[in-house]
Amino acid sequence: MTADHAPSAPTSPAAADENQLITERREKLAAIRAQGVAFPNDFKPEHRAADLVDAHGERSNEELEPLNITVSVGGRMMLKRVMGKASFCTLQDGSLGATGGRIQLFVTKDALGDAGYESFKHLDLGDILGAEGSLFRTKTGELSVRVTTLRLLTKSLRPLPDKFHGMSDQEQKYRQRYVDLITDDTARARFAARSKALSSIRQFMVDHGFMEVETPMLHPIPGGANAKPFVTHHNALDQQMFLRIAPELYLKRLIVGGFERVFEINRSFRNEGISVRHNPEFTMMEFYAAYWNHHDLMDYTEQVLRHAARGATGSATLTYAGRTVDLDAPFTRMTVRESLVAHAGLTFEEAGDAKVLHDKLKSLGEEPPAHWKLPELQFGLFEAVVEEKLWNPTFIIDYPVEVSPLARASDTNPAITERFELFITGREYANGFSELNDAEDQAARFHAQAANKEAGDEEAMYYDADFIRALEYGMPPTGGCGIGIDRLMMLITDSPSIRDVILFPSLRKEA
């Protein structure tokens, strides 16, 4: 049998049922079109469900009835119970609250008339309605609207998932986030919390003298991090361009230009793997302050995270994966070597012995590169053993120069930098350091990175001549930090995957 004559794949019973429902809804829409305007745009709801519940949720029916509180609401019909001449349905709008933005409508034939009530009976779950009426409380105690006017504003052509189970397929939730938000109160609450946290962070930054700026997302040279970029081509300029992997080098140019405190909450892109912790397109905040060092940055980063948590949840004591994370307590600070002693079962002397570290990594199935010296071996063992054990907020400090090409070297120990990373729940949340403002030193490190790239390291940095030129004009002593916003939102909302806190995460194309 040739491919042209191959039988089509069988349709599942569930798909067949859905196709039948869609067909029926399209027929209803066709009948509505024949009667006039199918998608009216002249209804404006004046009230929101959560506000009505907040204002009148404690009032008894005896209190409500004499007040004759007239309301106008709009939203999606999520539930419907048809019972003779009087029926109920539940409307869900965009507000959030104890009822999830839902309010009950009481619909009667007496109020709508025979034709209006018959039309209501043929409405489908998912339809978007506009309703006017007065507030009252039912015999079961539910705040409701006694409807006097009901209009269909938008016909829903696809049936919603089962009202009791919602969307059970996690990938489908990510692909069809619009349905996930319709059917899952926790999803809406999660992204509302993200919005609150971002708003509180912005205000906190501004209150502390930082200016919000916007820097390019298309870069002629990718820089600011060790990462593999997305590559594109600008036709008019006829040159290769890169989606930014970090805004760092542009923000530091602004410090050179005289803006002493700047921040950007930005989208960055890295052409790397996808996991529960990584998405190719992600949100981060980077901030830079003249005359700050890495100690100032650590103090301030603690405050930012506490403020974000309180802004989103009202508390800096969070629960993640069933365990408490206390952002109110002072964050722990330890060197890479001290962390190996605390969490890798080594003595202080062993943590400073290159052979011991090399053998330890090999025993874990890790093969250290031949060129690794003591600092890199310490950092390698830290990543292999220690990182996942850092549950409570912990700053790891004193990173080796070899893995910190943009950080200022310590004046007392030139082998390490004034850099930190913040770890919570076994993952990195922030990375900051006293910035390297020595143009000649930075040029030498760029050259070393460029040599690594020539040798095949796709994540090594390019040589950025314009950034070196900027440093040659003079950059004041500066501290800079980047905070992973998506990971912070995972923590704040107790979400196990980064995809849970990104409205539209990157996914493989549907088959």
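Contact means that heavy atoms lie within 4.5 Å of each other. Helices (H or I, at least four residues) are DSSP runs numbered from the N terminus. The structure described here is a predicted model, in which local features need pLDDT of at least 70 and side-chain atom pairs count only at pLDDT 80 or more, while totals for chains, interfaces and linings use all residues. Residues are numbered from 1 along each chain as its sequence is written, and side-chain values use heavy atoms, leaving out hydrogens and water.

Consider helix α14, residues 465-473. Its buried residues (under 20% relative accessible area, 1.4 Å probe, protein chains only) are F467, I468, A470 and L471. These residues lie on the same side of α14 because they cover an arc of only 155° around the axis, taken from the directions from the helix axis to the C-beta atoms. They pack against α8 (248-257) and α13 (439-454). The face turned away from this buried side carries E472 and Y473, which are exposed, that is, over 50%.

The two ends of α14 may be examined next. Just after the helix, G474 takes a positive phi of about 105°.

The largest nonpolar core has 46 residues; such a core is a set of buried Ala, Val, Leu, Ile, Met, Phe, Trp, Tyr and Cys residues joined through side-chain atoms within 4.5 Å. Helix α9 (residues 294-313) gives the largest share of this core, eight residues. A second, separate core of 24 residues includes L64, V71, L105 and A131.
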